[in-house]
Structure formats: structure tokens, C-alpha cells
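Reader: I have a model open and want to go through a few local features. Can you take my questions one at a time?
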Amino acid sequence: LKGSQGIDEDAAGKLLAPYHQVAGYKPRYYQEIAINRAVQAILQGKKRNLLTMATGTGKTVVAFHVSWKLWSARWNRDGKHRKPRILFVADRNVLIDDPKDKTFAPFGDARHKIEGVVVKSREMYFAIYQALAKDSRRPGLYREFPRDFFDLIIVDECHRGSARDDS
């Protein structure tokens, strides 16, 4: 079945492995479906994927598990033996700080919030649009990262700040 869906057997074995285990917690069935479908789409080489989930259904948990599976399996776009560089971006600090400090805590020192200074030695990055943008008050930190630096970019609340034509 995996082969018929265009997924490499070795990659599928690593990426369909168990989730990051937290005592007393298991992803809900619909979260598992979302996690597995997102990972499947990534393995199939789909460049853009949209997960639509209602408020309160655990989108951040899904984003964490997708990131964790890819990071743990050392998946990256170019197939090199390294952990992926993942960017989690949103439009407000609370949507970045809370996940970085709580949900994504198992990433430990791999986490970094992009604010003013560019650090390229981490693997799990968090940023608000405003920190990356270029305008009269900001230098445009996005220019400090090569176009292909991030293997995966997760946009939380994509219907907000990233949905405008000029964003």
C-alpha cells in the first residue's frame, strides 16, 4: 500500500512509528488522521498542504506530532542525513511563545524564537510575521535565511495575517 501511494518504504517505516509519548495522553483519533495524512502528503512530495480543523481540536498538537515525526526520522527535503529545519510562524507572540514553551518543549535546545538576531544552528524555529518582515521599523530578517533553508514551514492561523494579498 505504501508503495502504491508513492511513499518510500524506509521513510514510511520511520515516519509511521509511534508518536512522542506523554504519560496519560494519546492523540485523539481525528488528530491521528490529520497527523498521518500530513506526513503522507509530505512524503509524497506535495509542496503545500492545508489542514483545516475547528477551534479547540488540537491544531498545535497535530503540528507538533508532524514536526516530531519528521525531526525524529531525520527527514528533510534534500535527503541528507540531518534533522530538518522547521519554521512555525503565526501572527501573534502568544501563538508562538505558548507552543514553543509548552507543546514543543520535547525539542529542547533545538528550539529558537527568531527575534532580531539570526541564528542558523537550530532545527525548530518560531517566529511571528512581524519579526521576519521588512518595513520602516524592521530589517527583513527573512532575507538572512537562504530561500531553501527551511524544510517545512507551518503557518498557524493562516487565515489571519498571511491571507492578505500584500502579506
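Reader: Which residues of strand 1 are buried on one side, and which on the other?
Author: I86, F88 and A90 are buried on one side, and L87 and V89 on the other. The model is predicted: local features need pLDDT of at least 70 and side-chain atom pairs count only at pLDDT 80 or more, while totals for chains, interfaces and linings use all residues. Residues are numbered from 1 along each chain as its sequence is written, and side-chain values use heavy atoms, with hydrogens and water left out.

Reader: What counts as buried, and what as a strand?
Author: Buried is under 20% relative accessible area, exposed is over 50%, and partly exposed is in between (1.4 Å probe, protein chains only). Strands (E, at least two residues) and helices (H or I, at least four) are DSSP runs, numbered from the N terminus.

Reader: Why is strand 1 described as largely enclosed?
Author: Because 5 of the 5 residues in strand 1, residues 86-90, are buried.

Reader: Which way does strand 1 run relative to strand 3, and how many bridges join them?
Author: They run parallel, joined by 5 bridges, with strand 3 covering residues 124-128. Pairing requires that DSSP finds at least two bridges between two strands. V89 has A127 as its bridge partner in strand 3.

Reader: And what about strand 4?
Author: Strand 4 (residues 152-155) is also parallel to strand 1, with 4 bridges between them. There, F88 is partnered with I154.

Reader: Switching to salt bridges. How many does the structure hold?
Author: It holds 8, each being a side-chain nitrogen of Lys or Arg within 4 Å of a carboxyl oxygen of Asp or Glu.

Reader: Which residues are networked?
Author: Salt bridges link D78, R82 and D151 in a network. For R82 and D78, the closest N and O atoms are 3.5 Å apart. R82 and D151 meet at 2.8 Å, N to O. That pair links distant parts of the chain, 69 residues apart: R82 lies in the loop between helix 3 and strand 1, and D151 in the loop between helix 5 (129-132) and strand 4.

Reader: Are those residues buried or exposed?
Author: R82 and D151 are both buried, R82 with a relative accessible area of 18%. D78 is partly exposed, at 43%.

Reader: Last one, helix 3. What does its length look like?
Author: Its 14 residues, 59-72, should span 20 Å at 1.5 Å a residue, and the end C-alpha atoms are 20 Å apart, which agrees. The expected span is 1.5 Å times one less than the number of residues.
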